[in-house]
Amino acid sequence: MVSVLHSDNRLFFRSALLALVLALTTSCTIVPDKKDEKGNEEKLDIYFVNDEFNPDTYVDKIWSEKIVPYFDTNCLEIDTVLEVWKKSQDEAGKKFGYREKAEGSPYNFRVKGSGKIVAANTKSRASTIDVDLNPQDGTADVTIQIGPVIKDSAIRDSLEFISFTDFTNQLEFARLSNAINKKIDKEVLSGLDRENLVGKDVQFNGSFTNLQGSDLVRITPVILSVKQE
Amino acid sequence: MRKLTLLAVALCVCLYSSMAFAAKLIVVITPSHDNPFFKSEAVGASEKAQELGYEALTLVHDDDVNKQSELFDTAIARGAAAIILDNAGADATVAAVERAKAAGIPTFLIDREINKNGVAISQIVSNNYQGAKLGGEEFVMLMGEMGNYVELVGKESDTNAGIRSQGYHDVIDQYSDLKMVARQSANWSQTEGYEKMESIIQAHPDIKGVICGNDTMAMGAMAALKAAGKGDVIVVGFDGSNDVRDSILAGDIKATVLQPAYRVAQMAVEQADKYIKEGSTGLPEKQLMDCVLINSDNAAKLETFAIK
């Protein structure tokens, strides 16, 4: 009796192990992207990059729990910001911008608004749309990044609950921003009908960074909804 | 009796003044001044220290962790009020900074960070990732988005070597017609940059560009390329030294990325002064300073790691 039970247990254990191995192998094959990326990193051997910190997991955790709600409640009307911005970027920064410390880093502006898409540059990997804000006057007021490559780190640097001091080094902090931008591409931008954007109404929130020697307002969106007719 | 009292008083005054004297010393420790970047840091920090009424002692660790450890012992023995440090290794330096902390001496890091937070009071570093992306984008543009290139990487013990390489590749690797044919560390050194480049040219005579983790390696690479009759190869550096400025103006090296080394060193002393007087800098420990792209458009305005 005892020995039968025992062999039953072993059988159960073996099938459980088999199921686990199967599950692992299958899950490995569903995420070839991740495997490739890791392979590249290993080939490149970037000093100090290790697997202890996984930025993608970290961002997955804070995206809907913290980042989206934060932008829901902490964005200014873009008109308010641009009115001052057009006169003085410095003044707009002091009044509406955020940066973690006082000197040597640019201000970031969390904004929301709506308007019409008047142009789309989808040839570049770093695609953008130009938006004529409401009330519309027929000319583009701002640029919104629509990926898949998203430039700068406007979203990371707009989150007041994220501090460079909380990360081991610059590599972790850079990888965090890359992971946030990647998440935005996946969650916010991958569903866009990229060939049919011009002429559509759009509503957004997000952030832009005060770029060096430029007055370009280049917004990285956290919410971007294109109205379908 | 009176004599004894006088003597005692004199002794006290003597002791007191020597203590006060010691309390006003700021020790500035950097890598070798052979690289003008580090010299600029040492000058920036000691000038600001003297301006604020401190005595400044500048020392070099030559990227030797043991030597750096001895210099920390010197600073502790002399009762320094603060240490300004551009360190000799992101992991190996943690212990030295902890030792100073235990002795009641605050350390303010510049340029290079350490892999532990809460030990130093400030870590003011260039936004190397942002800077490397600027340099990478310029390099891609100069290369016309295609061709064979070489990367010279910095010293392995320094997170700046890793982050710059990461920034370069996050940009360059998006262009499939740009092909990296060699990638080697030249340890931030001009001599090594020259030697490594010399042998790379032998193996890969068809190089179109060289992207370097810093300016001294770029200077070495450029010299080797010119010696091999390949002066038209596109070379890009990182730091914004006067040497590279002159090379850009002469049409040799094409671009670099300015790190505000002089200002960062001064900021570290200002923060040390505030910390000594008020017990807090009022700022987060880790602080990033944005870098600026330098090419033939603005090179003439560059002087000693600052745009005039």
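**Basis of the entries.** I worked from a predicted model, in which local features need pLDDT of at least 70 and side-chain atom pairs count only at pLDDT 80 or more, while totals for chains, interfaces and linings use all residues. Residues are numbered from 1 along each chain as its sequence is written, chains are lettered from A and ligands numbered from 1 in the order in which they are written, and side-chain values use heavy atoms, with hydrogens and water left out.

**Chain A.** I found six helices and six strands in chain A; helices (H or I, at least four residues) and strands (E, at least two) are DSSP runs, numbered from the N terminus. Of the 229 residues in chain A, 41% are buried (under 20% relative accessible area, with exposed over 50% and partly exposed in between, 1.4 Å probe, protein chains only). I looked up the contacts (heavy atoms within 4.5 Å) in chain A with a separation of 6 or more, and residues 24 or more positions apart account for 64% of them. Chain A exposes about 12,900 Å², of which carbon and sulfur atoms supply 53%.

**H6(A) with H6(B).** I noted that helix H6 of chain A (residues 170-189) packs against helix H6 of chain B (residues 159-172) at about 25°, with the axes 9 Å apart. The axes are lines fitted to C-alpha atoms over the stretch in contact, and angles run from 0 to 180 degrees between N-to-C directions. H6(A) and H6(B) are therefore roughly parallel (angles under 35 degrees; over 145 is roughly antiparallel, 65 to 115 roughly perpendicular and the rest oblique). Chain A contributes A:Gln170, A:Leu171, A:Ala174 and A:Asn178 to the contact, and residues of H6(B) in it include B:Ile163 and B:Asp170.

**H2(B) with H10(B).** I then took helix H2 (residues 36-51) and helix H10 (residues 261-278) of chain B, which pack at about 35° with their axes 8 Å apart. Among the residues in this contact are B:Phe37 and B:Val43 of H2(B), and B:Tyr262 and B:Val269 of H10(B).

**B:Ala132.** I located B:Ala132 in helix H5 (residues 128-142) of chain B. Is B:Ala132 buried or exposed? Its relative accessibility is 0%, so B:Ala132 counts as buried. Leaving out residues up to four places away in sequence, I found B:Ala132 touching B:Ile163, B:Arg164, B:Gly167, B:Tyr168 and B:Phe238.

Note on methods. Areas by Shrake-Rupley, 256 points an atom, 1.4 Å probe, with all protein chains shown as cover.
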